[in-house]
Structure formats: structure tokens, C-alpha cells
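Dear colleague,

I am handing over the structure below, and I would be grateful if you could look through it before reading my notes.

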Amino acid sequence: MVMPEQCHPPSPGTAFPEGQVDSLLSIISSQRERFRARNQELEGENRMMQHTVHALQSELDNLRADNIKLYEKIKFLQSYPGRGGSRDDTEQRYSSQYEERLDPFSSFSRKERQRKYLSLSPWDKATLSMGRLILSNKTARTIAFFYTLFLHCLVFLVLYKTAWSESVGRDCAAYCAKKYADHIHRFHKDGDEGDMWQ
């Protein structure tokens, strides 16, 4: 191998002997061939690495899309009543990506609903929660329907009984007053009411 300090460019007037030029040429040629082979080897490795990176990137994108679809299915299943549950780190990680894929208008609408819900009073929140609970379950809807029907019938019967009692009381009072007037008229024609108590 030729050392760098030995490879000074020749001055225009000096010439190398024939044997030295051939040995320098063979050394440089072999070095060039080694560099070319190493370069081709590195370029091949680089192409292989780029191909692997592209394959892994496409696989990662496919897995991310599959995970978002799975998260969407989880959200769908959790929307059924009685299927709540704790959220783990995986669900939270894909939750934001799932939300980003949604329509921006629905995202805005959801944020507005959340803002309005937070501005409600506690009584309104309780009423809204009860309404959602009743409307989301068939059994709860049936119970609420029959409960409301029962309450209406109960109120109607109580009002009817109260009105009937008052009506009977008025009728009894009118009947007693008429009987009393008839008695006074029949037995006390002279208007001497003082004898009535004797």
C-alpha cells in the first residue's frame, strides 16, 4: 500500500521508472475495484434497507388502520347499555386517531354538545341523564310508560273522588236544607219557631 506522503504528484520534469508506474497502477486499480465492490455492496444493502423500511412502513400503516377500525368497533359495542367499561392505554392511544378520522362537522358538533352539557345546571344534567337512561333501554322505556300511565290514572281517580265527595256533600247539604225548609213549612206554619224546641 502506498502511503500518502509517498504519493506526491510528480513535477513536470521528473518521470517514474516503468516498474514503479505499473505497481502504482495495479495498486490504484485494485483499490478502485475494492471501493467499487464495497460501494456496490453498500448500495445493495441501502436498497434492501429502503425496501425493508417501505415494507415496514406500509405494514405499520395497515396495522394502524386496523387498530382504528377495531377501536371503532369497540366504541360501537360500548354504545350498547350495560356494556360500559374501563379504557386502557391502547384504547386511549387509538381514540385520538379514531376521532381525527371522523368528519370535522361531527367532531365540532360533539364539542358543542359537550360544551352545552357542561354549562347545564346539576338538575338539568340529572334530568338529561335520566332521559338518556330511559330512552336507551327497552325495559326502562316500558317501565316508564306504565309508570306514567299509572300516575295519570291515579291523579284522575283522586280528582274524581274529590269532585264526587264535594258533589255528594253539596247534594246532602241541599237535601238537608230542603227537608228542613219543608219541615218548618209543614209543622210551623205560624212562624212560631220557639215551640219547635219544646
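Is Lys178 buried or exposed? Lys178 is exposed, with a relative accessible area of 52%, where buried means under 20% relative accessible area, exposed over 50% and partly exposed in between (1.4 Å probe, protein chains only).

Please bear in mind that this is a predicted model, in which local features need pLDDT of at least 70 and side-chain atom pairs count only at pLDDT 80 or more, while totals for chains, interfaces and linings use all residues. Residues are numbered from 1 along each chain as its sequence is written, and side-chain values use heavy atoms, with hydrogens and water left out.

Lys178 forms a salt bridge with Asp182, the closest N and O atoms being 3.3 Å apart; the term stands for a side-chain nitrogen of Lys or Arg within 4 Å of a carboxyl oxygen of Asp or Glu. Asp182 counts as partly exposed, at 32% relative accessibility. Salt bridges with shared partners also join Arg32, Glu33 and Arg36 into one network. The whole structure holds six salt bridges, including one between Asp61 and Arg64 (3.6 Å, N to O) and one between Glu112 and Arg115 (2.8 Å, N to O).

There are two aromatic pairs, for which rings of Phe, Tyr and Trp (its six-membered ring) must have centres within 6.5 Å, with planes under 30 degrees apart counted as stacked, over 60 as edge-to-face and the rest as tilted. Phe145 and Phe146 are edge-to-face, at 5.2 Å centre to centre and 70° between the planes, whereas Phe156 and Tyr160 are stacked, because their centres are 6.4 Å apart and their planes at 20°.

Best regards
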